[in-house]
Amino acid sequence: MRISNKALRDVAIHWNEARGQRRMPGWSDISPRAIARHLPLIWSWKYDALADVFIGRLAGEEIVQAFGENLRGKTGEEFFKNRGGEVLLARHRRVVTEPAIYHGQGAVFAHARRIVMGERIILPLAEDGEEGDGILGVTIYNFTDAGDDGGTSREDYAAEKGEFIPL
């Protein structure tokens, strides 16, 4: 995995340090102070394995601006409706259940007639260090015009090239 963006690298390094000898850190192990300058780019979801549902935990200012709404308290299905939800939630589910680290580059999302190019990482979280119960993500993006058709399709998200690194 080759993370090109410094903000993504900084958060990944903090995540790795926070986990210590465990497979994954818990949400409570993540120090906002350690990653403070990157908080506008950070987002997180809690994962309820029994219900197989993601619930929004945190979205930084730049993430809220990109989507035009906050994910906090919403289910993944609600938040990603008409935004390529099936693809995104499958990716999130794989990160938290496998568990694995995800790194992707390319069209990170399409929204409001804009294709958003960038880079992202998704890191699994587990309060017990073993069973995934959430994810922590960082997305760096740049807006470009998508043309008159706009919208979001499966192909938009498929254009993101990513890899999963099992833990």
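Over which residues does pLDDT stay under 50? In this predicted model, pLDDT (the predictor's confidence in each residue, from 0 to 100) stays under 50 over residues 145-158, for which there are 31 contacts (heavy atoms within 4.5 Å) beyond four places in sequence. Where pLDDT is low, the predicted coordinates should not be read in detail. The chain as a whole averages a pLDDT of 87, with 85% of the residues scoring at least 70; the mean is lowest, at 48, in helix α5 (residues 154-158) and highest, at 98, in strand β1 (residues 42-48). Helices (H or I, at least four residues) and strands (E, at least two) are DSSP runs, numbered from the N terminus.

Residues are numbered from 1 along each chain as its sequence is written, and side-chain values use heavy atoms, with hydrogens and water left out. Local features need pLDDT of at least 70 and side-chain atom pairs count only at pLDDT 80 or more, whereas totals for chains, interfaces and linings use all residues.

Strands β1 and β2 run antiparallel and are joined by six bridges (strands pair if DSSP finds at least two bridges between them), and Tyr47 has Phe54 of β2 as its bridge partner. Four residues lie between the strands of this hairpin, in which Asp52 takes a positive phi near 50 degrees.

The structure holds seven aromatic pairs (rings of Phe, Tyr and Trp, the last by its six-membered ring, with centres within 6.5 Å; planes under 30 degrees apart count as stacked, over 60 as edge-to-face and the rest as tilted). The rings of Trp45 and Phe80 have centres 5.5 Å apart and planes at 35 degrees, so this pair is tilted; it links strand β1 to the loop between α3 (76-79) and α4, across 35 residues. The rings of Phe67 and Phe80, with centres 6.3 Å apart and planes at 70 degrees, form an edge-to-face pair. Phe67 counts as buried at 10% relative accessibility, and Phe80 is buried at 6%. Ring pairs link Trp45, Phe67, Phe79 and Phe80 into a cluster.

Helix α4 (residues 85-97) has buried residues at Gly85, Leu88, Leu89, Arg91, His92, Val95 and Val96. These cover an arc of only 155 degrees around the axis (taken from the directions from the helix axis to the C-beta atoms), which puts them on the same side of α4.

Technical notes:
Buried means under 20% relative accessible area, exposed over 50%, partly exposed in between (1.4 Å probe, protein chains only).
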